[in-house]
Each structure stands twice: as C-alpha cells, then as structure tokens.
Amino acid sequence: MNDAAQGSVAALRELEGRYAMPTYPRAPVEFVRGEGATLWDADGRAYVDLFSGLSVHNAGNCHPRIVAAISEQAATLGGTSNLFYSQPAMELTERLVESSLGGRAFLCNSGAEANECAIKLVRRHAHRRGIDRPEIVVLDQAFHGRTLAALAATPRLAREDLFGPLPAGFVPVPRDDPEALAAAIGADTAAVMLEPIQGESGVHPIADDVLIAAREACGQAGALLVFDEIQTGMGRTGTLWAHEQGPVAPDVMTAAKALGGGLPVGACVTAPVVGEGLTLGEHGSTFAGGPICARAALAALDVIADPAVLANVGERETQLRDQLGSDPAVAGIRGRGLMIGIALAAGVDAGAVAAEALARGVVVNAPNPETIRLLPPLTIDAADLGEGLARLRGALDAAG
Ligand code: PLP
C-alpha cells in the first residue's frame with residue numbers, strides 16, 4: 001500500500017475511533033472496487049477475493065446481470081410497501097419455494113431476521129399443538145445471528161450477563177452426539193435448529209448420523225427440523241441448497257447472505273407440513289421483499305442456479321484440496337464445495353496467516369486462531385483460484 005492508501009485507512013480509522021461503535025476487528029485495507037474474484041484497494045492494488053464479503057458475493061463481485069437488475073429496478077420503482085402487490089417479491093417467493101421445500105416463504109432483510117422468523121414460526125406451530133412453553137434444541141458452537149432470539153440460539157455468544165434477560169426455551173446439546181440430541185427432544189420440543197455445515201465455528205460439517213437422529217426424533221415428537229442455510233445455501237456447497245446433498249430434508253429453511261446478490265435479503269421457507277406458517281398480523285417487515293432487493297435476488301438465483309456454475313464449485317474444490325493438502329502448515333481440510341475450513345498445524349496462528357495473506361494480495365478469513373476459512377466466489381476460474389492459493393501458500397510458509 002502506498003502513502004495515499006495508508007492515509008485513507010488512517011482517516012477512516014480516525015472516524016471509526018470517534019463515531020462508530022467499536023464492534024468489528026477491521027483489517028487495515030479499504031476496498032473500493034470489485035469485479036468477479038478481484039478486489040482493488042484505494043491505491044489500485046489488486047487482490048484475489050477468496051472471501052466473497054463473507055459468502056455474500058457468490059456470483060462474483062459486481063456481476064453484470066445483478067448490477068443491471070438493481071439499476072433497472074432502482075430507476076423504475078423503489079417499492080410501495082407490503083400493502084400492495086409486487087411482481088419481484090412474489091416471483092422470488094415462488095422461486096425459493098419451488099427450488100427447495102415446496103411450502104411457503106416469508107421474505108426479510110438479513111440472516112438474523114430469517115432465523116427470528118423461523119423461531120417465531122416453530123413456536124407458533126408448537127402453540128397450535130398445545131405446547132405452552134415450547135423449546136428449541138440447538139447445537140453447541142452454532143451461529144444463528146445477533147438479534148436477541150437468534151443470539152439465544154447461539155450458545156457460545158448467548159451471554160446472559162451481557163444481554164440478559166435473553167428469550168428462554170433454547171436447549172443446547174453437544175454438536176457431534178446423536179444420542180444426546182435425540183434425548184433432548186421431547187413433548188415440549190418445537191424444533192431442532194442447526195446449520196448443516198457450521199460456518200462461524202470454523203467450518204464444521206454436521207455428521208450424517210446427527211442429521212438422521214434429528215430428523216427421526218423430530219418426526220416422533222411432532223417437532224420441526226430447521227436448517228439454517230444462510231451460509232451453506234445459494235450454491236456454496238455445490239448444490240443450490242446444502243440439504244440436497246444430505247441424508248435428510250428439513251421442514252423449515254432459512255437463507256440470506258448470497259441470496260440478495262449483495263443486497264440485504266433473507267428468507268424463511270417451509271415444507272407443506274408446516275401449513276400456512278405465520279398468518280395475518282403475526283409477522284411483517286417494512287423493507288421485506290422490496291422490488292430492488294427482490295430483483296437482485298432473482299438475478300443472483302439466475303446466475304447461481306446455472307449448472308455450469310454449480311459444477312465449477314466441485315471442480316474448484318478439487319483444485320483447492322490438491323493445491324493446499326500437502327502444505328506442511330495444513331493439518332486438515334474441512335467442508336464441502338467452496339465452503340472450506342483449513343485446520344492449521346500446531347503453532348501456526350490463523351490471524352497471522354490471514355494478515356500475511358492480505359499483505360500478499362489475497363483475502364481470506366480467520367474465524368478462530370486454528371482455522372483459515374475460504375469462501376471464494378462460485379464463479380472463480382482455475383487461474384484466479386490458483387493465483388490466490390499460491391499467495392496463501394506463501395503466507396502459510398511465512399507464518400509456519
Ligand atoms: N446464520 C448463519 C449460519 C450465519 O453464518 C450468519 C452470518 O454469518 C447468520 C445466521 C446471521 O446473518 P446476518 O449477519 O445476515 O444477520
């Protein structure tokens with residue numbers, strides 16, 4: 001970075017220090033432009049993007065089809081509330097339902113909101129079954145978001161001492177123990193809620209026997225199975241939704257992140273068994289399903305549901321495993337498709353690797369000190385991925 005770029009970061013730091021709530025650990029770079037799998041900083045320096053803005057730009061940065069959809073709609077009509085009909089919202093609802101669980105969908109504006117909707121929905125469903133104090137079983141190390149109920153469903157962050165009183169009724173169980181999970185499900189269980197592959201904990205796929213135990217025990221208890229596909233969805237694992245590759249299907253699914261093609265869109269989608277879900281007056285949101293965001297989501301779905309893009313995910317996963325598997329700083333590679341957690345060898349610090357990688361011109365993420373997470377655009381080609389991984393290997397060697 002030259003002096004001008006450093007200067008711009010220093011000025012932003014100054015503003016942040018004075019005015020912003022200090023909630024984020026930001027790296028000292030200001031990105032100002034993106035195209036495909038390339039980002040440019042304020043100095044014009046190019047970086048390989050292996051992070052996609054935290055699995056948001058699955059179609060690549062500034063995909064022309066998404067840009068055109070947003071621009072056209074922004075110049076036509078910005079939205080008139082959910083008290084009137086809107087073609088993009090209804091079309092998006094149809095696309096989400098028909099591509100997944102076949103029931104109904106509620107559109108919203110973020111992942112946490114999608115999960116709030118799912119939590120309200122499964123509680124409402126339980127109340128219809130005569131359960132007064134419904135419980136939701138969740139997994140240790142899960143991440144479901146930062147709003148209060150989503151936080152209560154996130155055991156490692158649900159700090160009663162900091163944010164209490166939190167919504168009650170969330171029952172955490174060990175992540176990898178099918179017996180413990182089945183034992184926690186009983187007459188008061190409204191739902192089991194889980195990510196098919198945990199993202200924020202460092203990319204941990206949930207084992208098939210745990211998913212099967214959850215499905216069977218929910219079936220026996222009349223409870224609903226909820227999959228949080230906010231990070232695993234939108235093609236990230238090589239199919240549009242991760243559960244397509246798993247042994248069981250959920251009754252409720254949440255989506256967000258890449259769903260909006262870069263704009264804030266979330267959704268809670270159901271299977272027919274859930275019925276109408278939430279009804280008149282039971283839920284709502286001003287911006288939900290607004291036409292600009294909905295058109296962006298439809299364009300993102302068009303790009304990502306392309307079989308060639310989904311096939312690319314598997315091909316690039318193979319390339320990635322081949323290129324990184326033999327690195328002495330790598331102890332193992334977890335995940336599926338282009339949702340990858342690299343377990344680092346003992347003594348290699350992920351924060352140091354991510355910082356060194358950034359300095360070498362590749363954007364990666366360290367969700368914890370032992371793991372490097374890669375979430376490249378699903379459209380990345382072999383050359384860009386190869387270059388990004390070569391730079392990452394340089395960083396691993398330097399830090400190892
Ligand atoms: N659920 C999962 C699995 C996530 O990865 C995230 C965000 O990282 C969320 C929920 C929360 O989404 P948002 O940040 O859009 O509220």
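Domain bounds in this description come from an automatic or database domain assignment. On that basis the chain is divided into domain 1 (3-63 + 307-399) and domain 2 (77-304), and the centres of domain 1 and domain 2, taken over C-alpha atoms, lie 27 Å apart. The structure is a predicted model, in which local features need pLDDT of at least 70 and side-chain atom pairs count only at pLDDT 80 or more, whereas totals for chains, interfaces and linings use all residues. Residues are numbered from 1 along each chain as its sequence is written, and side-chain values use heavy atoms, with hydrogens and water left out. Between the domains, 26 residues of domain 1 are in contact with 26 residues of domain 2, contact meaning heavy atoms within 4.5 Å.

The secondary structure of the chain comprises 13 helices and 17 strands, where helices (H or I, at least four residues) and strands (E, at least two) are DSSP runs numbered from the N terminus. The radius of gyration, taken over C-alpha atoms, is 21 Å, which agrees with the value near 21 Å for a compact globule of 400 residues; the globule rule applied is 2.2 Å times the number of residues to the power 0.38. Along the principal axes, the C-alpha atoms fill a box of roughly 65 × 55 × 45 Å. Among contacts between residues at least 6 apart in sequence, 70% join residues at least 24 apart.

Of the 400 residues, 49% count as buried, the classes being buried under 20% relative accessible area, exposed over 50%, and partly exposed in between (1.4 Å probe, protein chains only). The accessible surface of the chain amounts to about 17,200 Å², of which 55% belongs to carbon and sulfur atoms; accessible areas come from the Shrake-Rupley method with a 1.4 Å probe, and for residues only the protein chains shown count as cover. On this surface, Leu-12, Leu-15 and Tyr-19 make a nonpolar patch of about 330 Å². Patches are made of residues with over 30% relative accessible area and no salt bridge, like charges being joined within 9 Å and nonpolar side chains (Val, Leu, Ile, Met, Phe, Trp, Tyr) within 5 Å. Leu-15 belongs to helix 1 (residues 3-19) and is partly exposed, with a relative accessible area of 43%.

With a salt bridge defined as a side-chain nitrogen of Lys or Arg within 4 Å of a carboxyl oxygen of Asp or Glu, the count comes to 14 salt bridges. In one of them, the closest N and O atoms of Glu-72 and Arg-295 are 3.1 Å apart. This pair links distant parts of the chain, Glu-72 being in helix 3 (residues 64-74) and Arg-295 in helix 10 (residues 291-304), 223 residues apart. Both residues are partly exposed, Glu-72 with a relative accessible area of 45% and Arg-295 with one of 24%.

A further salt bridge joins Glu-200 and Arg-373, with the closest N and O atoms 2.7 Å apart. Here Glu-200 lies in the loop between strand 8 (197-198) and strand 9 (204-205) and Arg-373 in strand 17 (residues 371-374), so that the pair links distant parts of the chain, 173 residues apart; Arg-373 counts as buried at 2% relative accessibility.

Arg-215 forms a salt bridge with Asp-251, the closest N and O atoms being 2.9 Å apart. Because Arg-215 lies in helix 9 (residues 208-221) and Asp-251 in the loop between strand 10 (224-228) and strand 11 (252-255), the pair ties together parts that are 36 residues apart in sequence. Asp-251 is buried, with a relative accessible area of 8%. Elsewhere, salt bridges that share partners join Arg-65, Arg-95 and Asp-302 into one network.
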